[in-house]
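Open the model in your viewer and keep the selection panel at hand. We will go from the whole chain to single residues.

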Amino acid sequence: MFEYIKGKLDFISPEYIVVDNGGVGYQIHTPNPFAFTKQMGSEIQIFTFHYVREDLMALYGFQSREEKALFIRLLNVTGIGPKGALAILASGEPQQVVQAIENEDEAFLVKFPGVGKKTARQMILDLKGKLQDIVPDFFPNLFTEETVVEDLSTEFDEAVLALKALGYSEKELKKITPELKKEKLTTDQYIKKALQKLLR
């Protein structure tokens, strides 16, 4: 329905961003809302997917058409909903996901929240050999390094909230938080680092 929305980035939360276009604020769920921190108050273009279900209507947004395409392919896998697809994309390592599917690496795929053995097997069955068009130069600028480091507790707390929104449990997060707290990073960097540790 909407290919993309252009507008001013008005708000960032752990689950979504709000883009103001002509006085209308569009709530758009994205894999990692804090990846947009540097663009706060600026005009952005975000590729959107309008998801409609009997009990839910939502907009999902992506920084590239390739990322959007992978999201749609993941949604077509039985057992993966929008939240699960966002969690997979939030890893910032789509090549790893594609590689795991191609290599039938179920052990890697079950590390994502909401992906059990059955769903991992289904992902492999449905997507193996069908993602070549997405892999080349996949999201080169999806997660750019933040240079401004702000208040540790706020940044860290925001990252934890974003990870919880993706479906990671308190128990999983407790295992990695002591190590993360030793570093002073931006929200986006905390999320990336946490996901690297969670997916090991």
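**Before you click.** This is a predicted model: local features need pLDDT of at least 70, side-chain atom pairs count only at pLDDT 80 or more, and totals for chains, interfaces and linings use all residues. Residues are numbered from 1 along each chain as its sequence is written, and side-chain values use heavy atoms, with hydrogens and water left out.

**Stop 1: the whole chain.** Colour by secondary structure. The protein chain has 8 helices and 5 strands. Helices (H or I, at least four residues) and strands (E, at least two) are DSSP runs, numbered from the N terminus. Follow the chain from that end: the order is β-β-β-β-β-α-α-α-α-α-α-α-α. Of its 200 residues, 47% count as buried. Buried means under 20% relative accessible area (1.4 Å probe, protein chains only). The chain exposes about 10200 Å², and carbon and sulfur atoms supply 49% of it. These areas come from the Shrake-Rupley method with a 1.4 Å probe; for residues, only the protein chains shown count as cover.

**Stop 2: helix 3.** Select residues 94–102. Which residues of helix 3 are buried? They are Pro-94, Val-97, Val-98, Ala-100 and Ile-101. These residues cover an arc of only 160° around the axis, so they lie on the same side of helix 3. The arc is taken from the directions from the helix axis to the C-beta atoms. Now show helix 1 (65–75), helix 2 (82–90), helix 4 (106–109) and helix 5 (117–127): the buried residues of helix 3 pack against them. Then step to Glu-104, which follows helix 3 and has a positive phi, near 55°.

**Stop 3: Leu-180.** Go to helix 7 (residues 170–181), where Leu-180 sits. Leu-180 is buried, with a relative accessible area of 3%. Show its contacts (heavy atoms within 4.5 Å). Not counting residues up to four places away in sequence, Leu-180 touches Phe-156, Tyr-190, Lys-193, Ala-194 and Lys-197. Leu-180 and Lys-193 are 13 residues apart in sequence, with 7.8 Å from C-alpha to C-alpha.

**Stop 4: the largest pocket.** Select Glu-15, His-29, Lys-83, Leu-86 and Ala-165. Of the 15 residues that line the largest pocket, these are the closest to its centre. Lining residues have an atom within 4 Å of a point on a 1 Å grid over the protein atoms alone; a pocket is an open set of points where a 1.4 Å probe fits, with protein on both sides within 12 Å along at least five of seven lines. Finish on helix 2: the largest share of the lining, 3 residues, comes from there.

Note on methods:
Buried < 20%, exposed > 50% of the residue type's maximum accessible area, 1.4 Å probe, protein only.
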